[in-house]
Amino acid sequence: MADIKERGYWDKYQETYEEMIQETASKEAPWYVVPADNKWFTRLVISAAMVETLESLKLEYPTVDKAKKKELAKVRGQFTA
């Protein structure tokens, strides 16, 4: 009977859930609502979101000037001796 009573609040739960997503998601920290009833599809959607996000970051290896490379080589030599 408790489940039947709670079902009466379903519309309010859904409204609150949607409001929470809208109020807490931002461009910098988006929410992704992913269907979870099919594991392979869920994983595909999550993987695609992760790849898209990582590609959008335009990450690059840091550049190291000659002086810093020389310093790093000297320090590295101390550990291999």
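## Helices and overall layout

Helices (H or I, at least four residues) and strands (E, at least two) are DSSP runs, numbered from the N terminus. By that definition, this protein reads α-α-α-α along its sequence, with four helices and zero strands. The radius of gyration, taken over C-alpha atoms, is 25 Å, well over the 12 Å that the globule rule gives for 81 residues, so the protein is more spread out than a compact globule. That rule is 2.2 Å times the number of residues to the power 0.38. Along its principal axes, the C-alpha trace spans about 75 × 25 × 25 Å.

Before we go on, please keep in mind that this is a predicted model, where local features need pLDDT of at least 70, side-chain atom pairs count only at pLDDT 80 or more, and totals for chains, interfaces and linings use all residues. Residues are numbered from 1 along each chain as its sequence is written, and side-chain values use heavy atoms, leaving out hydrogens and water.

## Surface and charges

Let's turn to the surface. Buried residues (under 20% relative accessible area, with exposed over 50% and partly exposed in between, using a 1.4 Å probe and protein chains only) make up 4% of the 81 residues. The accessible surface, from the Shrake-Rupley method with a 1.4 Å probe, comes to about 8,300 Å², and 60% of that belongs to carbon and sulfur atoms.

For charges, Lys and Arg count as positive and Asp and Glu as negative, while His and the chain ends are not counted. Each charge is placed at NZ of Lys, CZ of Arg, CG of Asp or CD of Glu. The protein has 13 positive and 14 negative charges, and their mean positions are 16 Å apart.

Helix α3 covers residues 39–56, and its 18 residues should span 26 Å at 1.5 Å a residue; the end C-alpha atoms are 26 Å apart, which agrees. The expected span is 1.5 Å times one less than the number of residues.

Aromatic rings of Phe, Tyr and Trp (its six-membered ring) pair if their centres lie within 6.5 Å; planes under 30 degrees apart count as stacked, over 60 as edge-to-face and the rest as tilted. The whole structure holds two such pairs. One of them joins Trp 40 and Phe 41 edge-to-face, at 5.9 Å centre to centre with 80° between the planes. Trp 40 is exposed at 58% relative accessible area, whereas Phe 41 is partly exposed at 34%.

Look for Lys 58 in the loop between α3 and α4 (66–80). Although Lys 58 is not a glycine, its phi is positive, about 50°, and its relative accessibility of 67% counts as exposed.

Gln 14 sits in helix α2 (residues 10–24) and is partly exposed at 28%. Its C-alpha atom is separated by 26 Å from that of Ala 48, 34 residues apart along the chain.
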